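Please open the model in a viewer and follow the selections below in order. Each stop names what to select and then describes what is found there.

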Amino acid sequence: MNDMSMPPGVPRSTEAHIAISGVSKTFRGRNGDVHALQDIDLDIRRGEFVSILGPSGCGKSTLLMLVSGLVSSTRGTIRVGEKTIKGPNSDVGIVFQQDVLLEWRTALQNVMVQAEIRKSELGPARERARQLLRMVSLQDFEDAYPKEMSGGMRQRVSICRALLHKPPLLLMDEPFGALDAMTRDQLQLDLLRLCADNEMTVFFITHSISEAVFLSDRVVVMSPRPGRVERVIEIDLPRPRRLMMREDPQFNNYMRELTEIFKGLGVFREEV
Amino acid sequence: MAVIENVSASAMASAPVRRLSPLRTFGRISPAVWTIIALLVIWEVGVRVTHTPEFVLPSPSRIAEEFVAYWPRLLVQSTYTVAEILIGFVCSVLIGVPLAVLVTYSRFADRAIYPLIVTSQTVPKVAIAPLMVAWFGYGVTPKIVIVVLLTFFPIVINSVVGLKASSAEMLYLARSMGANSWQTFWKFRLPQAMPNMFAGFKLATVMAVIGAIVAEFVGSDVGLGYVIQVAGSSFNITRQFGAIVMISIIGMIFFMAMEWAEKVIVPWKSSSSAVGEDH
Ligand SMILES: Nc1ncnc2c1ncn2[C@@H]1O[C@H](COP(=O)(O)OP(=O)(O)O)[C@@H](O)[C@H]1O
Ligand SMILES: [Mg+2]
């Protein structure tokens, strides 16, 4: 474990923030049942950045939906903080691959919808919304409508919206999956900066090995369907993370290790 | 791009321009205006050169004369037609939008009512007009009913399409914020539906004019449809044309008012095309 990843003076708690135990999820469909997840056991510490890494269709999104309480599990229990998840958990921020911005609202208004729905005090909320937008360099786009913004800008607004109410848990489902490589790099840095300033646990889904290594404290490798936790790998890279770290031998060792695991799972097949 | 924006409902999917002043709108339709002027000139010259008798085809200048001379009567008769159109349209919105909400939220309504609304469209509503007269008499009521019958469908269908357009992610997001159904409707679903709803409204304005005139043809002693009928029975083709011009003006004003309302209420989106434009 690496203490550099936390703001100075705040010791990382060893208590599990998210405790997933014996969770399975089966979707009943017309063409038979789909076993999306099978016997998932996973503990995530408070303040930890955890990536869920796996091939498409292995149940990553399903797992995120279960943690958010928006979908219920077929078996097993999920505890977040003190609460066992039974219904929608509103103590989270969610970011999807699609930014899901409200086209009729400006950037600032899009962030503010979070406060309006929660009936928070609007004055302080607006202050925080502005501050969040500033932190992702969107201070000049507060009044821009989504269709006037690029994909990367829109996704940054959607991240600000997810963080407005200071959620202890941020759930992200391939948030940078639809962005080009350079925008993606910038947003990864923006996200890490936001994480350093806002004390929270991040549950991050991706199918990019390098993205998982670059961002995370731990990478959870999932096997193809039915999704199971195949391996959990600690990423012992110093924080703050820098783009050039991706050239470090240590970074590449993690990349190699993860690639080997996926080869073993039959996700990659190389012909000679 | 100079598109004839305000003429037909099928030209609605164009022009990605936000917030148009009436002046800009006029500026953009001016090529269409020039086309109309050119056609009128050809018409005028054609009628004069071929000495076409007025009871076959009057010249535009004769129509204009008649229009001005008959203007006070046209205006009085228009008030009836306009009232039928407006009341019918408003009733249609007041019935159609809540029904669309019901269809969106209730699985039962979606499966038991919605298919009926859709299949009912195979009945030609114009054919029902005499029946309405038989039931509701010669007053304003049967006209309003027919306007409602004609405008109802595009309003319901497009509202349903719009209300169902909220993505699963958007609704998940609303729930994760702790939004109740009321908040989800007002802050997410309804605004999301507005562009589609306006596409339906605009199509409905076109249908409302048709409905009112047809209803007046079938049985009426007031309105512009009645003027056309009476003028027709005395072979006053010029007066018929005068009434047609009046109807067109009313239809155009109504449609442009709706476009303007759309630009004010839905400034974030350029017009979407409507479902059910197959009339
Ligand atoms: N609502 C659903 N109904 C039926 N099957 C589903 C549903 N959601 C997901 N699945 C199935 O569950 C499996 C895992 O899906 P998902 O969690 O979206 O995977 P991932 O996010 O890793 O790509 C897939 O095979 C998918 O088809
Ligand atoms: Mg997914």
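Select F96(A) in this predicted model; the residue sits in the loop that runs between β6 (92–95) and α2 (107–118) of chain A. Its relative accessible area is 5%, under the 20% limit, so F96(A) is buried. Next, display its surroundings: leaving aside residues up to four places away in sequence, F96(A) touches M65(A), Q155(A), D173(A) and P175(A), together with E169(B), Y172(B) and L173(B) of the other chain. For a distance within chain A, pick the C-alpha atoms of F96(A) and L63(A), which are 13 Å apart while 33 residues separate the two along the chain.

Chain A contributes 24 residues to the contact and chain B contributes 19. About 2,100 Å² is buried between the two chains, 67% of it on carbon and sulfur atoms.

Which side chains meet in a salt bridge? Select E116(A) and K187(B), where the N to O distance is 2.9 Å. The count of salt bridges between chain B and chain A is 1, and 4 residue pairs are in polar contact. On the side of chain B that touches chain A, the elements giving two or more residues are α8 (168–176) and α9 of chain B. The largest share, 6 residues, comes from α8(B). By type, the residues of this side comprise 8 nonpolar, 6 polar and 5 charged.

Finally, move to K202(B), placed in helix α9 (residues 181–218) of chain B. K202(B) counts as buried because its relative accessibility is 0%. Show its side chain with that of E259(B): a polar contact of 3.3 Å joins the two.

How values were computed. Residues are numbered from 1 along each chain as its sequence is written. Chains are lettered from A and ligands numbered from 1 in the order in which they are written. This is a predicted model: local features need pLDDT of at least 70, side-chain atom pairs count only at pLDDT 80 or more; totals for chains, interfaces and linings use all residues. Side-chain values use heavy atoms; hydrogens and water are left out. Helices (H or I, at least four residues) and strands (E, at least two) are DSSP runs, numbered from the N terminus. Buried means under 20% relative accessible area, exposed over 50%, partly exposed in between (1.4 Å probe, protein chains only). A polar contact is a pair of N or O atoms within 3.5 Å; within protein, one must be able to donate a hydrogen and the other to accept it, and residues adjacent in sequence count only if both atoms are side-chain atoms. Contact means heavy atoms within 4.5 Å. Buried area is the accessible area (1.4 Å probe) that two parts lose on being put together, summed over both. A salt bridge is a side-chain nitrogen of Lys or Arg within 4 Å of a carboxyl oxygen of Asp or Glu. Ala, Val, Leu, Ile, Met, Phe, Trp, Tyr, Cys and Pro count as nonpolar, Asp, Glu, Lys and Arg as charged, and the others, Gly among them, as polar.
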